[in-house]
Amino acid sequence: MAGSSGRSKGGKGQLTYTGDELEVLCGRYFDHCDEAGRKYTKPGLVLHLGLPEETFDAWLRDEDGKYTEHSGVLKRAMIRMRDDLEQRNDTMSLFRLKQPCYSRYLDRPAEDGGQGLQVSVSFGKSDGKAAAAYGK
C-alpha cells in the first residue's frame, strides 16, 4: 500500500517524502478506507505510508523544527481521524478518542483537590509560552 514515490534516505532504508507527496499519500489512504469500508486509524496510515512508527511520530511532533511541512500534513490527517471518531456514536470510537494519539478525551474533568474546576489553555507547543490556566 505504500506510495511508490518514497525514496531511500541515508542508507538506513528509511522512506522519506516531500510534503506534497505525503499529502497525496494521506489522501489516498483516506480514499482507500472510504472505498473499502474501513475506519481511519493511525496504525493504518503508518502502514500505508510504509514508515516506521517512530519516524511517523517524529515527523508529527517535529520537536527540532526539521519536519514542519511533514508535521502539518500529519497533524491534519490526525485531526481528520479525530473528526471521524467524534462524528460516530459507537463504543469503540469513544475508546479510541481516549487514546493519546487521538486526543486523550476524559469522561469527567480532572479533580484539582477541592479548588474548583480548573481549565488550562495552551497555544502551540507546550513549552509554557502563550499558555494560561484559569480556576475558581
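Which backbone oxygen lies 3.3 Å from a polar atom of the side chain of H48?

Reply: The backbone oxygen of L25 lies 3.3 Å from a polar atom of the H48 side chain. A polar contact here is a pair of N or O atoms within 3.5 Å; within protein, one must be able to donate a hydrogen and the other to accept it, and residues adjacent in sequence count only if both atoms are side-chain atoms. This is a predicted model, in which local features need pLDDT of at least 70 and side-chain atom pairs count only at pLDDT 80 or more, while totals for chains, interfaces and linings use all residues. Residues are numbered from 1 along each chain as its sequence is written, and side-chain values use heavy atoms, with hydrogens and water left out.

H48 sits in helix α2, residues 42–49. Helices (H or I, at least four residues) and strands (E, at least two) are DSSP runs, numbered from the N terminus. H48 counts as buried because its relative accessibility is 5%. Buried means under 20% relative accessible area, exposed over 50%, and partly exposed in between, with a 1.4 Å probe and protein chains only.

Of the cysteines, C26 counts as buried at 3% relative accessibility, and C33 is buried at 1%. The structure holds 0 disulfides, a disulfide being a pair of cysteine sulfur atoms within 2.5 Å.

There are 3 aromatic pairs in the structure. Rings of Phe, Tyr and Trp (its six-membered ring) pair if their centres lie within 6.5 Å; planes under 30 degrees apart count as stacked, over 60 as edge-to-face and the rest as tilted. W59 and Y67 have ring centres 6.0 Å apart and planes at 45°, so this pair is tilted. W59 is buried at 2% relative accessibility, whereas Y67 is partly exposed at 22%. Y29, F30 and Y40 form one aromatic cluster.

As for the whole protein, 5 helices and 4 strands are present, and the elements run β-β-α-α-α-α-α-β-β from the N terminus on. Buried residues make up 27% of its 136 residues.
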